[in-house]
Structure formats: structure tokens, C-alpha cells
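Please read them with the coordinates open.

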Amino acid sequence: MALDGIRMPDGCYADGTWELKMHVTDLNRDVSLRVTGEIHIGGVMLKLVEKLDVKKDWSDHALWWEKKKTWLLKTHWTLDKYGIQADARLLFTPQHKLLRLQLPNMKHMRVKVNFSDRVFKAVSDICKTFNIRHPEELSLLRKPRDPKKKKKKLEEAEEETLELEGPLLTPGSDVIYIGPVKGSIYSSPGLYSKTMTPTYDSRDGSPLSPTTAWFGDSPLSEGNPSILAVSQPISSPDIVVKLYKPQSLLDKAKINQGWLDSSRSLMEQDVKENEVLLLRFKYHSFFDLNPKYDAIRVNQLYEQAKWAILLEEIECTEEEMMMFAALQYHINKLSIMSSDNHMNNSEKEVDEVDAALSDLEITLEGGKTSNSLGDITSIPELADYVKVFKPKKLTLKGYKQYWCTFKDITISCYKTREEAHGTPAHQMNLRGCEVTPDVNISGQKFNIKLLIPVADGMNEIWLRCDMEKQYAQWMAACRLASKGKTMADSSYNLEVQNILSFLKMQHLNPDPQIIEPITTDINPECLVSPRYLKKYKNKQPGFVRDLISARILEAHQNVAQMSLIEAKMRFIQAWQSLPEFGITHFLAKFQGGKKDELIGITYNRLIRMDASTGDAIKTWRFSNMKQWNVNWEIKMVTVEFADEPSLSFICAEVDCKVVHEFIGGYIFLSTRAKDQNESLDEEMFYKLTSGWI
């Protein structure tokens with residue numbers, strides 16, 4: 001026993017014990033314990049709590065090894081098994097810590113999140129708290145920094161302008177309201193509806209927002225029950241001006257460097273308590289989007305789409321911009337009315353939700369239709385006169401009219417209708433092609449740009465249609481053919497109707513007399529992106545405001561009869577119709593290439609892109625992919641295909657894990673089916689995305 005206190009040169013004591021240094025974050029105290037390597041982690045925590053002798057609930061606390069950036073969560077493991085020796089310093093700290101989440105609507109919520117969970121699990125818990133179904137579509141993103149602005153000033157401006165007085169939420173526990181009744185704690189009921197039964201108000205039969213249903217017994221329902229399900233108009237043009245806008249495709253690629261690794265915890269990725277992270281829809285494959293059950297999900301999707309357009313993260317034409325502005329103006333008006341009238345307290349709203357479901361069910365390319373009929377006996381065909389143009393260097397664009405037939409996934413071009421039974425002058429197989437619209441409603445321009453894969457890249461072909469109906473039919477057929485589907489697919493007619501609806505919303509109103517007078521509530525600076533305001537920079541500000549307001553009101557006539565939920569769904573649908581929708585860009589150097597290019601990742605394909613123009617150079621479909629591998633040392637991703645040469649590229653300025661996770665994530669999302677239960681196969685997600693499990 002006399003040898004117990006004798007310390008050896010290596011720091012250990014003569015009896016084999018050594019001092020383990022720990023810091024208790026809650027008390028800001030350093031504590032040392034005499035331990036051996038054979039003591040397990042649970043025993044260390046027990047001895048520590050006994051030595052502290054502070055009456056407190058320590059159940060959420062765990063040990064964090066700073067040097068190795070590792071949580072010691074396997075409490076039955078010994079110090080020796082973890083490799084912890086006398087030079088280690090451990091933190092005894094809560095696993096749940098505060099985060100400031102910026103939601104897609106740009107508002108901030110203070111949320112307690114488990115910093116020891118993998119990000120995928122942490123996001124699932126956050127979405128459960130907010131009642132957002134399909135959390136696998138969302139993730140956390142670090143805030144992009146505007147290189148033109150000083151860090152401190154930017155943060156202060158954004159925090160001050162966009163702070164949301166809302167509930168502080170702890171997944172699975174209490175709700176702390178930090179609005180008018182600061183610091184009050186209310187017990188919240190279960191926040192996640194597993195039965196998915198729609199909830200209606202007993203007084204008037206109108207649909208209750210999920211938020212109202214959750215907080216029905218708390219003072220939150222007295223204040224703003226649908227704080228996350230209701231869109232709040234942008235209060236000042238300064239907000240749009242101050243927010244960061246990517247100026248190029250390279251800027252967009254830099255934003256995507258900030259996605260957190262879903263298979264590691266927040267602490268492992270140096271996220272600090274009270275840090276601001278962005279909660280965003282990461283994967284643009286929105287499964288089973290249902291207005292009856294997804295009031296908050298639909299609204300946050302709408303908000304993400306709205307801000308993507310206002311901040312010019314996605315390109316659109318001027319006509320499309322006015323359509324988006326009109327929808328936004330309409331949604332703002334109805335949202336204010338809904339707040340005043342308790343969510344449009346009329347039984348009509350219930351019917352409108354059902355109508356929106358049947359008329360606007362968005363069959364997104366990432367999911368499967370519930371009434372898929374497969375191929376029918378007779379596959380529909382298209383046959384009509386279409387103008388065709390194949391660009392060549394040093395030539396002007398000149399279209400030549402052909403009699404074109406669209407059979408299966410192939411377009412055949414004949415000089416005349418009478419020659420249709422002979423050999424075609426041109427023939428195009430559209431499997432794997434890129435389809436891009438080029439439309440101007442006022443100019444009656446209905447063009448379809450096709451980039452058709454060939455051995456050495458992509459062949460560019462343009463089709464010009466004469467009228468909207470013809471354009472909608474051929475565009476829908478081209479989109480299906482690019483995925484290897486024919487017009488017999490059950491989604492063809494829905495796609496045609498969606499395209500026609502999208503075009504209809506962009507029409508100019510033929511009767512200007514019915515346009516409502518210009519009022520001060522329009523504020524076009526909050527509805528239109530700065531790029532289109534700059535077009536009139538030489539005009540008087542008042543004239544510009546009136547001119548754009550008049551155009552918005554004119555476009556508003558096409559959407560004025562829509563219900564609130566229908567308008568939001570239409571906005572999301574129109575966003576999805578834009579050519580750049582769903583492409584996530586990363587800077588990459590391709591094997592054999594001499595300069596940095598872009599790799600674009602979508603729900604179903606990889607796209608090699610020119611970094612300056614964004615033009616597609618080559619496309620590879622996931623359906624043709626055999627496997628993909630990552631060489632972690634040199635950051636090279638290699639993708640092998642069934643009947644094409646393999647693709648290899650090195651990730652520049654971004655961890656290749658982020659790119660790998662996008663590919664694996666989209667593969668994971670493609671396995672979802674409506675008949676599955678609500679639970680997620682987390683292990684399958686990690687196997688497809690983590691790269692080392």
C-alpha cells in the first residue's frame with residue numbers, strides 16, 4: 001500500500017494506476033481520476049460523478065476524446081480497448097446541445113440536437129420534431145460565406161433580420177417557447193403522426209395544420225399555430241439584397257462543399273454549440289408529396305424553391321420569373337388571409353385539398369407511381385411535321401421541316417409524309433439523352449434541345465414545334481425516352497398536362513381591363529430576382545416598380561383562382577420544370593482532361609459539364625451503372641457502366657466523400673416504395689454512402 005503514491009517516470013503509479021484528466025463542461029471544472037486501463041467507460045463516468053458530488057441529472061452526458069474526435073459511447077469498452085492513456089484529455093459533456101437551424105424559409109429555430117448521433121439520425125430526429133416526412137431527403141449544410149462581405153458584419157445583419165421568435169425544440173421532449181412568454185416550458189404531445197390520418201378542425205371542418213395538431217394543448221396554438229406551415233412574405237427588399245448570391249456555376253459548386261457527412265456526428269465535424277447550420281432538401285427527389293399530410297414539408301419546399309429563384313441559384317426566363325412572382329404574390333395574400341381566418345375556415349378548403357391531390361399529384365422521377373400500369377398492348381406514337389436543326393460550326397441556325405415519327409424511344413425524320421414507309425433521312429435514339437426546353441410564350445417559340453450520347457460525347461439536335469399542344473406531347477415523349485420509357489408509360493399523359501399547365505401560367509392576359517389596380521402591397525423587389533430589376537436600371541425607380549408590378553398582376557390573373565395549397569404545389573412543380581432543377585454541381589478534373597470541369601449529379605444521372613457555360617459534355621445514367629468506387633488517398637471517384645467505358649474523376653476543392661454520398665444517396669432514394677412502412681433502413685443508407693462500412 002505504501003507504493004500507491006509513488007509515481008513512475010512514465011506518469012503511472014507503482015500500483016499500475018495512472019491519472020486520467022477530464023474537463024466537465026457544465027461546471028467548467030478540470031478533474032483527475034486514478035484509473036487503470038482495465039476500467040470500462042461506464043465505470044469512469046460513475047467514479048467521476050461520485051467525485052463531483054453535484055446533484056444533477058447526468059444521464060445525457062458522455063465522454064468525448066478531443067484529440068481523436070471520438071465519442072466514447074461504448075460504455076462496456078475499457079480504456080485499453082479505446083487506446084486511452086495518461087496523455088489523453090476527455091470532456092464530460094452533454095450529448096444534446098443547441099443548434100441554430102436556418103430552415104428553408106430563411107428563418108432561424110433554436111433546436112436541441114444530439115451531437116453524438118450520426119448526422120443522418122440527427123436530421124431524422126429534427127424532421128420528426130417538425131413533422132416533416134421523408135427526412136432522408138434533407139441534410140445539414142454549412143453557411144456559405146460571401147467573399148465580398150466581412151464575416152462579422154454579414155452574420156450580424158442576417159441574424160438580426162431573419163431571427164424567428166419561435167419554439168426551442170428538443171426532439172422527443174419538451175418545447176420551450178421563446179416568443180412572448182420567454183423561458184416557459186410546456187409539455188408537448190407526440191410530434192410525429194405515425195398513422196398519417198388527416199386532422200380537421202371540429203368547429204368548421206377545415207384542415208388543421210400539423211403544427212396546430214401537435215401544439216393543440218399548449219399556448220403555442222394560441223399564438224401562431226402554423227408557424228412552419230404558413231409562408232411569411234418577405235418584409236423588406238434589403239433581405240434579398242443582403243443574402244449571398246452565387247455569381248457563377250463555380251460559386252454554386254463551392255456552396256455544395258459545405259454539406260455535412262451524414263455518417264459522422266456533428267462533434268466529429270467540428271460543429272460548435274449554437275452554430276448556425278442550414279437545414280435544406282439535399283436530394284431533389286421528393287417522394288409521395290401529399291398536401292393532406294405534408295403541410296410543413298410542402299411549405300418548406302416552396303420556400304426553398306422561392307429563395308433559389310430569388311437568389312438566382314437556378315436560371316429561369318423572364319416570363320417564368322413573372323409567373324413565379326405572381327404565384328408568390330398570390331401565396332402571400334392567401335397566407336395572410338389564412339392566418340386571419342383560421343386557415344380559410346370553410347368546408348370548401350377540405351375539397352380543395354382533395355382536388356389538389358388528384359389534379360396535382362406530382363409524380364416525381366425519384367419515386368414510383370401508385371397506379372403504374374406498365375406497358376400496354378399498343379404503344380402510342382407521335383407523327384407530325386416538326387422543324388429540325390443540327391448545329392455545325394460556322395453555320396447559322398436554320399431549321400428544316402421534316403415529317404417526324406416518334407416510336408418507342410426513337411425519332412425518325414422523313415423529307416415528306418409520303419416517304420414515311422421508307423428509309424428515314426435521320427434517326428435518333430433518345431435513351432440517355434439530355435432534354436432542355438427553350439420556350440418563349442410571347443414570341444411563340446417552342447423549341448426542344450436534345451443532347452444525344454455518342455461514343456465521343458454528345459450530338460446536339462434542336463426540334464421546333466408550332467404550337468403548345470404539339471410541344472407538350474413531344475417534350476413529354478422526349479423526357480420519357482431519355483429514361484428509356486415509351487409513351488405507354490402511365491406518367492406520359494400526366495407529364496403532358498403538367499407541361500401545358502406550366503405554359504398556361506405564363507400566358508399574357510388578353511383582357512387587361514380585369515387587372516386589379518396597382519397597390520402598394522406588391523413590392524416587386526421582394527418578388528423578382530435582382531437580375532431582372534437591373535434590366536431597367538436606367539429608368540426612374542417609380543416607373544420600374546409600376547411596370548414590374550403591372551406585369552406581375554397581369555400574370556396573377558392566370559393563378560388568381562388557385563387555393564393556397566394548390567398555388568404552393570404549382571410553384572414547386574414549376575420549379576421542377578426548370579432545366580437546371582435538381583443538378584448539384586462539383587468542381588472536378590476528369591481522367592484525360594486538361595482543365596477543371598464540373599460534375600453534375602441528379603437523381604438519375606451524372607453529367608460532365610463545361611465549367612464556364614454549364615453545357616453538358618457527356619451524360620451517364622445510374623440505370624446503366626454497375627458499381628462505383630473511391631480511392632480515398634487521391635480523391636478519385638471511378639464509376640463502371642454496363643456497356644460504356646468507366647468514368648474517373650478527381651474531386652477538386654471538396655471532399656470526395658460528399659460526391660460519393662450524393663451518388664449513394666440517390667441510389668438509396670430510388671429503392672423507396674409507397675407500400676413500405678414509414679421506417680428507414682439506416683444501415684442500407686450507410687452502406688451506400690459512407691464508403692467504409
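1. In this predicted model, an open sheet is built from 5 strands in the order E2-E1-E5-E3-E4, with mixed pairing. Strand E2 (29-35) and strand E4 (70-71) are at the edges; each has a single partner strand, so one side of each lacks a neighbour in the sheet.

2. Helix H1 (residues 41-52) packs on this sheet and touches strand E1 (18-24), E2, E3 and E5. The direction of H1 makes about 125 degrees with that of E2.

3. Within the sheet, strand E3 (residues 61-65) and strand E5 (residues 89-94) run antiparallel and are joined by 5 bridges. The residue opposite His 61 is Pro 94 in E5.

4. Another antiparallel pair is formed by strand E17 (residues 434-440) and strand E18 (residues 445-454), with 7 bridges between them. Val 435 has Leu 450 in E18 as its bridge partner.

5. Is Ile 331 buried or exposed? Its relative accessibility is 0%, and Ile 331 therefore counts as buried, the cut-off being under 20%. Ile 331 belongs to helix H10 (residues 318-340).

6. Which residues does Ile 331 contact, leaving aside its neighbours within four places in sequence? They are Ser 231, Tyr 302, Leu 564, Ala 567 and Lys 568. The C-alpha atoms of Ile 331 and Ile 565 are separated by 8.6 Å, although the two residues are 234 residues apart along the chain.

How values were computed. Residues numbered from 1 in each chain as written. Predicted model: local features only at pLDDT ≥ 70, side-chain atom pairs only at ≥ 80, totals over all residues. Heavy atoms only, no water. Helix = DSSP H or I, 4+ residues; strand = E, 2+ residues; numbered from the N terminus. Buried < 20%, exposed > 50% of the residue type's maximum accessible area, 1.4 Å probe, protein only. Contact = heavy atoms within 4.5 Å. Pairing = 2+ DSSP bridges. Axes fitted to C-alpha atoms, helices over the stretch in contact; angles between N-to-C directions.
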